Amino acid sequence: MPTASGHTTAIRATRAVGTDVYNLDGQRIGKVEDIVLDKTENAIMFAVVGFGGFLGMGEKFHPVPWATLDYDQDQDGYVVPFTKEELEAAPADTISELTKDDGLYARQEAYSYYKVDPYWN
């Protein structure tokens, strides 16, 4: 299934990790730090988007449903349909905590918070 802007449906994880993420106002909010896979469902659970902090200190890691990231060629990055305030209030933790217990809690929190239909139903 193509993305909202009609881009390709396949991408290598190495190409996505490190890509900047922008909000709807065009402000850079962070970057894709990692991608968490659901091996049993053959799906992407969520992208780990890091933002905030300075020189790696105080950075927050947010589980963001992959389907909400849309690549914008003009910005050479992903755009998410959320305000800065929504993102600041979103679930966040360390990467190790987000992936604890197979990442199921972080996945549930992210899909619920962002009101995204779960892929696992």
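A charge is said to sit over a ring if NZ of Lys or CZ of Arg is within 6 Å of the ring centre and within 35 degrees of the ring normal.

**Figure 1. The charged end of R107 and the ring of W120 in the predicted model.** The charged end of R107 sits over the ring of W120, at 3.7 Å from the centre of that ring.

**Figure 2. Aromatic pairs that involve W120.** Seven aromatic pairs are found when the whole structure is searched. In one of them, the ring centres of Y111 and W120 lie 5.0 Å apart with the planes at 75°, and because planes over 60 degrees apart count as edge-to-face, the pair of Y111 and W120 is given that name. The rings of Y119 and W120 also form an edge-to-face pair, with centres 5.0 Å apart and planes at 85°. Y111 is buried, having a relative accessible area of 5%, whereas Y119, with a relative accessible area of 25%, is partly exposed.

**Figure 3. The largest nonpolar core.** This core has 20 residues, and those with the most contacts inside it are V21, V64, L69, Y78, V80, L87 and Y114. At least two residues of the core come from each of β2 (28-38), β3 (43-51) and α4 (104-113). Apart from this core lies another one, of seven residues, among them M45, F46, V48 and A106.

Methods
Residues are numbered from 1 along each chain as its sequence is written. This is a predicted model: local features need pLDDT of at least 70, side-chain atom pairs count only at pLDDT 80 or more; totals for chains, interfaces and linings use all residues. Side-chain values use heavy atoms; hydrogens and water are left out. A nonpolar core is a set of buried Ala, Val, Leu, Ile, Met, Phe, Trp, Tyr and Cys residues joined through side-chain atoms within 4.5 Å. Buried means under 20% relative accessible area, exposed over 50%, partly exposed in between (1.4 Å probe, protein chains only). Helices (H or I, at least four residues) and strands (E, at least two) are DSSP runs, numbered from the N terminus. Rings of Phe, Tyr and Trp (its six-membered ring) pair if their centres lie within 6.5 Å; planes under 30 degrees apart count as stacked, over 60 as edge-to-face and the rest as tilted.
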